[in-house]
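Here are my notes on the model, point by point. Have the structure open while you read.

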Amino acid sequence: MLLFRSEETVAEWCAAHELPVRPMITLDQLWVLATEWYSNRLTEESRRPGPAEMQEIFGRIGLTDPFWDPNTV
Amino acid sequence: MDFLTNVKLAIYRTIAETTHAPTVADVAQQLGARVDDVQNAFAELHAKHLLVPEPGDPTRIRMAPPFSGVSTPFRVTVNAKTYHANCVWDALGIPAALHADGMVRARDAHSKESMTLVIRHGSPKPTPCVVHFAVPAAHWWDDVIYT
């Protein structure tokens, strides 16, 4: 995932790379993902969230499109 | 604590303290363990998506998310130390993992304009930006270095 100043530069980057524009999220949404994924990373219990946990976290911040489904093949 | 957890914590705590990823030999020396055993633990941590070895050299670490074992365009300063992150998600993940304020220096992926993100008092300072995901969630680990 990449950082952009605006949706306009996302569109320009996608056009330059001949890729479709895919979902974008805000800084506040990204912060939720960062804390959910990593706040316990330096502890004994740390692990990556499993698929069901990922879906719950994504749903909590409004990311319910199939793009965010970790089980979609 | 089991051996795998000891290896995991040795990796992450070494990076947090030094900003550099340890090698298999470094971790073996730190734990007083056999190199082969630590190498196997690296492979197991990779299977758990807690580590990505350097392509072509499984004794070195490319990623111990959120930290990068190599220089990247995402530089993150926390507690007067500067780390490299694998992506913008991981860039915010470093202050999250260290439970501290932080500053991310990066660039717009297209225009290359310098951008700064600030984490203060447990949340990001409002900054004009968006984060674009080119790869669906189900495929993030197909080629995580690209993702």
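1. Start with the hairpin of S4(B) and S5(B): 2 residues sit between the strands, and B:Asn79 there has a positive phi near 50 degrees. The two strands, residues 74–78 and 81–85 of chain B, run antiparallel and share 5 bridges. B:Phe74 faces B:Ala85 in S5(B) across the pair. For the terms, strands are DSSP runs of E with at least two residues, helices are runs of H or I with at least four, and both are numbered from the N terminus. Two strands pair if DSSP finds at least two bridges between them.

2. A word on ground rules: this is a predicted model, where local features need pLDDT of at least 70, side-chain atom pairs count only at pLDDT 80 or more, and totals for chains, interfaces and linings use all residues. Residues are numbered from 1 along each chain as its sequence is written, while chains are lettered from A and ligands numbered from 1 in the order in which they are written.

3. Zooming out, chain B has 4 helices and 9 strands, in the order α-α-α-β-β-β-β-β-α-β-β-β-β along the sequence.

4. Now helix H2 of chain B (residues 24–31), where B:Val24, B:Val27 and B:Ala28 are buried (20 or more other C-beta atoms within 10 Å of the residue's own, with C-beta atoms placed from the backbone). Down the axis of H2(B) these buried residues fall within an arc of 100 degrees, so they line one face of the helix; the arc is that of the directions from the helix axis to the C-beta atoms. They pack against helix H1 (3–18), helix H3 (35–47) and strand S2 (57–64) of chain B. Just after H2(B), B:Gly32 has a positive phi of about 65 degrees.

5. Last, the contact between the chains: 41 residues come from chain A and 38 residues from chain B, where contact means C-beta atoms, placed from the backbone, within 7 Å. On the chain A side, H2(A) gives the largest share, 9 residues.

Key:
A residue is buried if 20 or more other C-beta atoms lie within 10 Å of its own, exposed if 12 or fewer, and partly exposed in between; C-beta atoms are placed from the backbone. Two residues are in contact if their C-beta atoms, placed from the backbone, lie within 7 Å.
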